[in-house]
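Here is a friendly walk through one protein chain, written for a reader who likes to see the cut-offs. Please keep the viewer open as you read.

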Amino acid sequence: KQYNNRWFLFGLNDEYGNLTNIALDRIISIKELEIPFKENVTTNFSTYFNHIIGVTKPKDKEPVDVILQFEEQRFPYIISKPLHHTQRIIDESKNIICIHVCPNKELESLIFSFGPQVEVFSPIYLREQIKEKIGVKGIIQGIFIICFILGFGHIIYHQFKLENNLKDKIETTINNIENKKLENHKKGFTNSIEKYYSIKKL
């Protein structure tokens with residue numbers, strides 16, 4: 001199966017007793033094993049991918065209607081290049097579409113790729129998963145930015161051996177960020193990221 005410019009090899013995984021896939025370009029080596037070949041008699045690959053985006057099919061999950069709303073600027077591209085063959089328009093005036101798929105990691109990645117230009121309406125559990133991951137990513141990115149800023153300040157402090165009065169100014173600025181603003185930044189990250197991605201409370 002080809003997806004996203006990558007080929008995947010499917011086969012039975014004896015360790016887990018289920019169907020699994022491996023990206024061909026990530027295979028390091030191949031060796032012959034002295035085990036009997038098990039012919040596929042359970043999976044119909046002509047229909048296996050009908051209701052998934054990508055190559056990952058969640059076990060024991062049925063397809064659901066995934067309803068998405070796009071920003072006006074993005075919507076024409078979604079219409080001209082559908083996300084999935086099941087895509088249909090729910091409300092053209094509000095830029096809302098529906099696809100009938102099994103939610104998986106590829107669908108989540110696709111949703112994230114649109115950034116603030118998309119909002120998940122349903123199913124509710126997918127909406128909450130996306131919302132939670134946005135919050136976690138926002139906090140992590142925010143902490144990284146603060147650490148970078150603080151670390152960069154210390155690099156300037158030590159690397160260029162600034163004069164005492166300028167050192168004092170930098171030291172004051174660093175302390176101000178560390179002691180007074182850090183907590184406010186941490187509290188604001190989740191709200192800012194949620195607003196950025198247009199995730200609203202139902």
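The model is predicted, so local features need pLDDT of at least 70 and side-chain atom pairs count only at pLDDT 80 or more, while totals for chains, interfaces and linings use all residues. Residues are numbered from 1 along each chain as its sequence is written, and side-chain values use heavy atoms, with hydrogens and water left out.

Helices (H or I, at least four residues) and strands (E, at least two) are DSSP runs, numbered from the N terminus. N95 sits in the loop between β5 (88-91) and β6, and N5 sits in the loop between β1 and β2. N95 has a positive phi of about 60° although it is not a glycine, and N5 likewise has a positive phi of about 60° without being a glycine. Is each of them buried or exposed? N95 has a relative accessible area of 12%, so N95 is buried; N5 has 77%, so N5 is exposed.

Most residues other than glycine have a negative phi, and most peptide bonds are trans. P123 belongs to the loop between β7 and α3 (124-159).

## Strand pairing

Two strands pair if DSSP finds at least two bridges between them. An open sheet of three strands has the order β1-β2-β3, with antiparallel pairing. Its edge strands are β1 (2-3) and β3, each of which pairs on one side only. Between β1 and β2, which run antiparallel, there are two bridges, and Q2 has W7 in β2 as its bridge partner.

Strand β4 (residues 64-70) is joined to β6 by six bridges, and the two run antiparallel. Here V66 stands opposite I99 in β6. Four bridges join β4 to strand β7 (residues 118-122), again in an antiparallel arrangement. The bridge partner of Q69 in β7 is E119.

Rings of Phe, Tyr and Trp (its six-membered ring) pair if their centres lie within 6.5 Å; planes under 30 degrees apart count as stacked, over 60 as edge-to-face and the rest as tilted. The structure holds seven aromatic pairs. In one of them, the rings of F10 and Y48 have centres 6.1 Å apart and planes at 75°, so the pair is edge-to-face. This pair links distant parts of the chain: F10 is in strand β2 (residues 6-13) and Y48 is in the loop between β3 (18-23) and β4, 38 residues apart. Both F10 and Y48 are buried.

F10 also forms an edge-to-face pair with F49, at 5.4 Å centre to centre and 80° between the planes. Again distant parts of the chain are linked, with F49 in the loop between β3 and β4, 39 residues from F10 in β2. F10 counts as buried because its relative accessibility is 18%, and F49 counts as buried because its value is 16%. Ring pairs link F10, F45, Y48 and F49 into a cluster.

Which residue lies over the face of F49? A charge sits over a ring if NZ of Lys or CZ of Arg is within 6 Å of the ring centre and within 35 degrees of the ring normal. K1 lies over the face of F49, at 4.8 Å from the ring centre.

N104 is in the loop between β6 (96-101) and α2 (105-113). With a relative accessible area of 7%, N104 is buried. Contact means heavy atoms within 4.5 Å; leaving aside residues up to four places away in sequence, N104 touches I52, I53, T56 and P58. A polar atom of the N104 side chain lies 2.9 Å from the backbone oxygen of I53.

How many disulfides does a search of the whole structure find? A disulfide is a pair of cysteine sulfur atoms within 2.5 Å, and the search finds zero. C98 counts as buried at 1% relative accessibility, and C102 counts as buried at 2%.

Methods: Buried < 20%, exposed > 50% of the residue type's maximum accessible area, 1.4 Å probe, protein only. Polar contact = N/O pair within 3.5 Å; in protein donor to acceptor, adjacent residues only side chain to side chain.
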